[in-house]
Amino acid sequence: MTKISPEIEEDVQAESLLSVSADVSFSSNCFPKYKLGPENQIVEESKEDSKGLSLKEVVEKETVQLSEQHKRLSVRDLASKFDKNLTAAAKLADEAKLRDVASLEGHVLLKKLRDALEALRGRMAGRTKEDVEKAISLVEALAVKLTQNEGELIQEKFEVKKLANFLKQASEDAKKLVNQEKSFACAEIESARAVVQRFGEALEEEEKNSPKSKTQVMDMEHELLALRTQIREKSVLSLKIQKELAMNKRAEENKSCLYVFDGSEALGSHLRIRPRSDTAPSLSKCSIQWYRVSLDGSQKEIISGASKLAYAPEPLDVGRVLQADILSNGQKITVTSAGPIESAAGLGSYVETLLRKSSSEFNVVISQMNGQDYSSHSNHCFNVGKLRIKLCRGWITKSREIYHTSMQLCGVRGDGNAAAKSLFWQARKGLSYVLTFESEKERNAAIMIARKHALDCNIMLAGPDDRV
């Protein structure tokens, strides 16, 4: 990623701007600048005759360079390469330690053998004594050979340690480079945004002071719209880089965690905690609490009632990171999703279609009523209207309530198999239901539509202790 040089930035901000359209004619090639003079009078600043790149050319050039730099620099590729090299270096170090232990045991054995032969030589005579002395010579030769091998082992350990330090330093340098490029991108976006704002202000001032045809004004507005589109694309690219960095950071933190999430991190899925290895404490003896956390980690909200091994995300979790705190023997272990929860494919258009109707009906089965299992498994109709919610079976109405402050509606926060298809509805104090829908898509759509209609009635509709 290339940072705009100070000379170009001064040309763009302080010097001339090329004409926006070929059909527009100005008295000069730049917009006038004004300042406060004596007695608060507006005085035009003096013009400088210098040329520079047009704003459009600068933005196009920086956009191309930013895209090429992002293609060359992939955070995940860098992290993967350095992780592999660090793992190989650690393996070599472990092998060196094993050989060190084996060498020490060899020295001990040779010393014991030599002492035994020396003691035997004192009691022997003749040819047998010569054989014993020959054996002692062979043992001493083996000791010299072992000492040479130890020297080679020390040199190899030094090389392994040197390689590990080099890889660690290279990993830190790569992370610094990524952070630096991200700061450069943010600075470029802010600088270009300020230039566009000044350009718009100057355009409005020029429209007031000089008559122009409607066609000329429209051309200038189209030019300004194109610049804003380019700024928006740069902002999206910067957010994408930030998300990659955050996901890479969370992935590194989860590598050392004893537990991991199973399941897709999206609406309609079912996330379950499972041990990463056999050494992890049994989850049946642990206490669990789920949280939803903002992307930057500044806000952490407890999900009341979500204290099981599994949790089914609901629409309020979209765009946030899910986190589970596991407490075992006084030790807290935190498991975090790799990225923010994503919306289900096609859910947005489905909800927009239903919102055009005066009310939406869904087929449901009552699983629980007031916390107790419901004996009947017959189908009911869950009707979500603009002013009220109704639950009925044929002509028999089980409950019909307008939106009010004591009403609650959220996804079921248990670990049942149908949790992703079920929601919790407190019609009023003392009356609550757990309803199971035909699909995860219908359950999430019903929650979104009910919350939209409740908001239109100035009611925040959510689950227990949820902050909307």
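Let's start with A454, which counts as buried because its relative accessibility is 0%; buried here means under 20% relative accessible area, exposed over 50% and partly exposed in between, using a 1.4 Å probe and protein chains only. The model is predicted, so local features need pLDDT of at least 70 and side-chain atom pairs count only at pLDDT 80 or more, while totals for chains, interfaces and linings use all residues. Residues are numbered from 1 along each chain as its sequence is written, and side-chain values use heavy atoms, with hydrogens and water left out.

A454 belongs to helix α7, residues 440-456. Helices are DSSP runs of H or I with at least four residues, strands are runs of E with at least two, and both are numbered from the N terminus. Setting aside neighbours within four places in sequence, A454 contacts Y403, I459 and L461, where contact means heavy atoms within 4.5 Å. Take a look at H404 too: it sits 50 residues from A454 along the chain, and their C-alpha atoms are 8.2 Å apart.

Now move to S432, in strand β17, which covers residues 431-437. S432 is also classed as buried, because its relative accessibility is 14%. Not counting residues up to four places away in sequence, S432 touches Q368, M369, N370, G371, F424, W425 and Q426.

Stepping back to the chain as a whole, you will find seven helices and 17 strands. Of its 468 residues, 37% count as buried. Among contacts between residues at least 6 apart in sequence, 61% join residues at least 24 apart.
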